[in-house]
Amino acid sequence: MDISPILDGFGIVLEPSNLIYCLIGVIVGMLIGVLPGLGPGATIAILLPITYGIGPVSAIIMLAGIFYGAQYGGTITSVLLRLPGEASSVVTVFDGFALARKGKAGTALGIAAIGSFIGGTVSILGLTLLAPIVAGFALDFGPPEYAALGVLGVLLISSIGNGNKLKAIIAAAVGLLIATVGRDTFTGAERFTFGSLNLAEGIDFIPIAMGLFGLSEILYNLEERHNQVHAPAKVGNVWPSRKDLGQAKGAIGRGSLIGFLLGVLPGGGATLSSLAAYAFEKRRAKQPERFGKGAVEGVAAPETANNAAATSSFIPLLTLGIPANATMALIFGALLIQGIQPGPQLVTEHPDVFWGVINSMYIGNILLLIMSIPMVGVFVKILRVRPAILAPITVLITLLGAYTVRNQVYDIFLVIGFGLLGYLMKKLGFEPGPLVLAFVLGPMIENSSRQSLLIFGGDPTGFFTRPISGTVLALVLVVALWPLISKAVRRKPAPVPAGPPADPPVEPPVEEKTP
Amino acid sequence: MPTSRTTPRRVLMGVVGAAAALALTACGGVKTTSSGGGEGKYPTGNIEFSVGASAGGSTDLITRALAQGMSKELGVSTPVLNKPGANGALNAKELQSAKADGYKIAVQNASLFTITPLTVSPEEATKIDSFDVITGISRDDYVMATNSQSGFTSIGDMKKSGKTIRYGTTGVGTGAQLASALTFKSAGIDATAVPFDGGAPALTALLGNQVDVSTMQIGEAIENIKAGKLVPLAVFSDKRIDYLPDVKTAKEQGFDVLVTQYRFLTAPKGTPEDVKARLLDAAKKTFATDEYKKFNEQNSLTPMEVSPQEVLTALQQDTAKYKKQLDEFGISLAG
């Protein structure tokens, strides 16, 4: 491999002006990441005209910085206020918010920052060395593969909760049902839209997540406070201890790998990656019951994975000319404005852009880590603000965030509606997590299955005969039957001596062949 | 608590301040409070461009390029607001009931008026009568392409192969769907449509050989065509496209399929003549800038900077023609 263009790329990035654009990008990204709703996509759209005036490399470095900076920022609200700004940070809420309640918000944010840094960096290394190879891998994923992945995802949802399995399944089913709202992509038929144009494109993720997680929590706390004297949230340590880091180490390593691989897939890899990383950690944990109650790995795994995935989602754009998500579509647009067509020829025609952007991400990640350290201390202090002040401000940010997505007042009412639903769910012991995640995966399963059947000419055996979808479906079976398998395996050795529950032998989830 | 309250509060104010600032930016940098309607010569306030699609799509990029140029010409801010929903119908409904004073305008797609009505109920269809057209903007043509491994180089090759062709489209009610359906039907090729949600997944599926052909907008496919990964089979315009001069039109290959997407600037019905003239003038001056011309080229857009009357005629002709052809071949776009 000829490394001189890579080194030239570093030369480009280290030019002071580019360093400054990178810094501006990551700071703006981090700030908008904190605001739910106003995502990196909208921000880049607003800043697009500014990029006309600066060179292509600087422009893309800045815009890319906004994108991955926002991933860092998104963690902050997920942990502190229970507001996941993106589908890929829903899973972080489970343990992140639990840690914050225990007074360990600093630990959660610190671990997330370190995990994000490592995940991002591993992914950039992968991008540098393997981009062309994994790009081909992305193309091997057609509709049947996405359908299989979606099924695997829904199965993982059922295993991430701690509460009642049946209730988790009910919530997930409701999520799948909500996902069917809107105009059908295949026939144009209206489904549950009640003639409203506002529902024609379905319901956006933001109003649902903001309502079910953020607003419902506030409503629930209001009631709590009437019943008991409110103790101000403790803000204990500000930085993860050596023990926390030790605990998170493995999760960060595995999260990086999962995130990098799934992020390459242009159809929703980031959400799946955080979900898969979390479920994987929970499964291999010695005490899976810690998850959901403030396990450090429960923050480390999804945060590492979603940052790794955010980085590797540049691969389809830079090597194939396929924008993997709305933000990538805008970066695509920004490159066009600069007279550069992203696609297979980018690396040969414009190596300065290709390597400049990739190498800027190394620097951007370092900048983000450096900024995160003092920021964690600052943000954590938000929790010291009295709920009487913090709650209304959170509500305001939530509603504003939902409004900015489509500039529709309608979405504000949706947040309130889902807030009430979330409140009722909490009262009745339902978790919002399975609902939201199933909502995200629902369209992926439905559309991909229907596309697959069209491609197969109506023959469903195609799902099993294609190597990748077949393997994924086999994995689905293994995961589904895992409790039975592990029971069978555990029965073989002599009965485990009773006593204080020593570490039960836990098999790593073996990737078995089709049973 | 020993710690003073000021620190967290200051922090919070900072956060809120930043939030507010960003929220304002989100609204497109609204600096002046008035949204128009004041005395004096038009324009006296911001002109809002709404987009019936998410940020990043062709309509959005065109709107932003145009808004930026017109802002300079008119000397006021031109915030761009994305209001995606129902293929642009949601935005259209809002615009048609807005005050007809030239402070709320939008770039709209022909397909919303010519193709979408073929797939939705009559009361939901958007009608061009509800708007004043200010000027045509540009054409965004479609290309049907195949993976280079398929061995096809023309529509005829697909017919010769005798196999059932699975073709990707960019969704229901799009020109890509219409153009492909008409082509296969009129050529007598056995084919199954696989609708995707937009151009990117249709392109991905084609590059990965999941489908045999896909019809997309030229800008989405051109780079992979240049790289030799995709082979273009046909374009659906009247004449060949400058950006792909070697690609034959469907008409040249003997199939009467003329489908094109174009965009035009609209205002609510009843906008005063002088306001429309001022907007047209600003748009024309923007079209003439090198910057805007370059934008068209980079996005593979063909200028269609024609008069409102020509836009209306084109819309009418296309609507009638599409309807007639669909009836003739017994095609229903709604699956």
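Which residue in β7(B) does B:Y167 stand opposite? In this predicted model, B:Y167 stands opposite B:A193. Local features are reported only at pLDDT of at least 70 and side-chain atom pairs only at pLDDT 80 or more, whereas totals for chains, interfaces and linings use all residues. Residues are numbered from 1 along each chain as its sequence is written, with chains lettered from A and ligands numbered from 1 in the order in which they are written.

Strand β6 (residues 165-169) of chain B runs parallel to β7(B), and five bridges join them. Strands are DSSP runs of E of at least two residues and helices runs of H or I of at least four, numbered from the N terminus; two strands pair if DSSP finds at least two bridges between them. Both strands belong to an open, mixed sheet of five strands in chain B, ordered β7-β6-β8-β5-β9. Because β7 (191-195) and β9 (230-235) of chain B each have a single partner strand, one side of each is left without a neighbour in the sheet.

In chain A, helices α11 (residues 269-284) and α12 (residues 296-312) pack with their axes 8 Å apart, at an angle of about 150°. Axes are lines fitted to C-alpha atoms, for helices over the stretch in contact, and angles run from 0 to 180 degrees between N-to-C directions. α11(A) and α12(A) are therefore roughly antiparallel (angles over 145 degrees).

The predictor gives the complex an ipTM of 0.81 and a pTM of 0.83. Chain B has a mean pLDDT (the predictor's confidence in each residue, from 0 to 100) of 87, with 88% of its residues at 70 or more.

Notes:
Angles under 35 degrees count as roughly parallel, over 145 as roughly antiparallel, 65 to 115 as roughly perpendicular and the rest as oblique.
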